[in-house]
Amino acid sequence: MKLSKSQRLKVFNKYGGKCSYCGCELQKSWHADHIKPVVRDFNLVKGKAVLTGKISNPELDVIENINPSCSSCNLYKGSMSIEAFRNLMQQQARIALKKSKNVRFAVKYGLIQITDNPVVFYYEKFSSQENIGTNVVGSNFLSKSYV
Ligand SMILES: [Zn+2]
């Protein structure tokens, strides 16, 4: 769904201007993520994906199913469910440990510690009462028409 400017402002401020997953401050490049994924249909034209405008599950293409996300979380999540994304995030330290000599040395020298702490997304910890008035701006990240 194409969000209107007011809908985009509402989504931006949903968690105090922070990414609903990692909790970082949203930058100008923030994304509107479908919590339950919407899969867009496309055709390959000369090796490039061209969207047809059709989606597999239009009932999920509603503002209630949209969370603000930093671009890196949104692009990594892709069309995964929340639990698939959580499982993948849960494995990140082990994957880095396996693939990176730098991480292995950092662990060996006590610079970082690998834990099995559960992945809790920012929106799951967020309490709107605690965050009222903090970083609810959005005007720099939307359009000058909001200023
Ligand atoms: Zn994020």
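This is a short chat about how to read a few features of a predicted model.

Student: Where do I start? How many helices and strands does the protein chain have?

Tutor: Start with the elements: here the protein chain has 7 helices and 4 strands. Read from the N terminus, they go α-β-β-β-β-α-α-α-α-α-α.

Student: Is lysine 18 buried or exposed?

Tutor: The idea is to count C-beta atoms around a residue: 20 or more others within 10 Å makes it buried. Lysine 18 has 24 such neighbours inside 10 Å, so it counts as buried. Across the protein chain, buried residues make up 16% of the 147 residues.

Student: Which residues does lysine 18 touch?

Tutor: Skip the neighbours within four places in sequence, and lysine 18 is in contact with Gly23, Cys24, Glu25, Leu26 and Tyr122. Also, serine 69 is 51 residues away in sequence, yet the C-alpha to C-alpha distance from lysine 18 is 7.5 Å. For the protein chain, take the contacts with a separation of 6 or more: 68% of them link residues 24 or more positions apart.

Student: What about lysine 46? Where does it lie, between which strands?

Tutor: Lysine 46 is in the loop between β2 (40-45) and β3 (48-55). With 5 other C-beta atoms within 10 Å, lysine 46 is exposed, because the cut-off for that is 12 or fewer.

Student: And what should I look for in phi?

Tutor: Most residues other than glycine have a negative phi. Lysine 46 has a positive one, near 55 degrees.

Definitions and conventions: Residues numbered from 1 in each chain as written. Predicted model: local features only at pLDDT ≥ 70, side-chain atom pairs only at ≥ 80, totals over all residues. Contact = placed C-beta atoms within 7 Å. Helix = DSSP H or I, 4+ residues; strand = E, 2+ residues; numbered from the N terminus.
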